[in-house]
Amino acid sequence: MSFDFAARVERVEPSATLAISNKASELEADGVDVVDLSVGEPDFPTPANVVSAGQDAMAAGHTGYTPSNGIPELRAAIASKLRDDGIDAESDEVIVTPGGKQALFETFQTLIDDGDEVVLLDPAWVSYEAMAKLSGGSLNRVDTAPYDFQLEPALDDLGAAVSDDTELLVINSPSNPTGAVYSDAALEGVRDLAVEHDITVISDEIYQQVTYGVEMTSLAALEGMGDRTVTINGFSKAYSMTGWRLGYLHAPESLVSQAAKLHSHSVSCAVNFVQRAGLEALENTDEAVLEMRDAFRERRDMLADLFAEHDVDVPVGDGAFYMMLPVADDDQAWCAGAIEDAHVATVPGAAFGSPGYARISYAASEERLREAVERLAEHGYI
């Protein structure tokens, strides 16, 4: 039988990060030792108290459906956390989702119709483009690479890109894939453009707690942004809960009521006992989060020093756990060669809209990071 596939599916490619990770897994299955720096997954175990909370919840029988938008206790805790961030948030403005990616997907599907313009800041996380295309949106992109991936000096470019026809702008700070944390001046510039052109803004803050020496500002906390910002966050990165699949969105109630329809007809609800583990993560893991963050900072600094020893100048971000390594013009060929020859897995910058770079995740041990640099140098990739 020949299937007639939906145009929306044929508009997108598989996730580049997962494609590289799958390639690494295939090599490892053949007995090859691969240093996999392709996936943004903390190498720390989920904090023990969070695991225990999930186990206790299962033992207590919390294995059935929950209210579609999330258990009241977790939504209340999320709203409280958002208020601590300066956002005017209430429980009924929160949807708890199976992963931050689902929260993003629901937001795009709720807001974007065929032909609506979505503006991205390049380099941009790979799934933003796919989600925009799946919802029928058209893309307009602003390149921050000439500005060392910072937004503030790119505000004039952003101002030239947006217009009254722009439906949605996506901001990700701290950034995947650059680690950039946008300044308050940059976010105020976004605010001014959003208000001027009546634009809804997604603020993806999944790496909020992974910052080094700087404090990030939540966009919705700025005057004039509370009623036009969808704040996305989750538990995967800060709490090393990637496989638990738990995230959330916060937005004005009118948007939440529409997104909730999609949520109820697609995933029904996030997993019951996972939500209860998430509540424990929010309330009792500050020390574990700080320990992981300090380790990431040490790895970042070590990796930058190692590249400097090979005369490679790498922009160093103030958050997340990624670096954009400058490589040959054909970054896809560079990454393909690096995994085949040096057995080091990275992601082509072109996947993020920034050719000429390879994204490296330093959510790996110092030993493996050193080995990756040694292998890349040995095989002539740096």
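**Close-up views of a predicted model**

E223 is exposed, with a relative accessible area of 70%. This is a predicted model, in which local features need pLDDT of at least 70 and side-chain atom pairs count only at pLDDT 80 or more, while totals for chains, interfaces and linings use all residues. Residues are numbered from 1 along each chain as its sequence is written, and side-chain values use heavy atoms, with hydrogens and water left out.

**View 1. E223 sits in the loop between β6 and β7.** Exposed stands for over 50% relative accessible area, buried for under 20%, and partly exposed for in between (1.4 Å probe, protein chains only). Helices (H or I, at least four residues) and strands (E, at least two) are DSSP runs, numbered from the N terminus. From C-alpha to C-alpha, E223 and D113 are 28 Å apart in space, and in sequence they are 110 residues apart.

**View 2. Y207 and F321 make an edge-to-face pair, as their ring centres are 5.5 Å apart and their planes are at 85°.** Rings of Phe, Tyr and Trp (its six-membered ring) pair if their centres lie within 6.5 Å; planes under 30 degrees apart are stacked, over 60 edge-to-face, and the rest tilted. Y207 belongs to the loop between β6 (200–204) and β7 (229–234), and F321 to the loop between α11 and β9 (322–326), so the pair ties together parts 114 residues apart in sequence. Both residues, Y207 and F321, are buried. They also belong to one aromatic cluster with F44, F296 and Y322.

**View 3. F235 and Y248 form an edge-to-face pair, with ring centres 6.2 Å apart and planes at 70°.** F235 is buried at 1% relative accessibility, and Y248 is buried at 2%.

**View 4. A320 has a positive phi of about 60°, although it is not a glycine.** You will find A320 in the loop between α11 and β9, buried with a relative accessible area of 0%. S240, in the loop between β7 and β8, has a positive phi near 50° and is buried at 6%.
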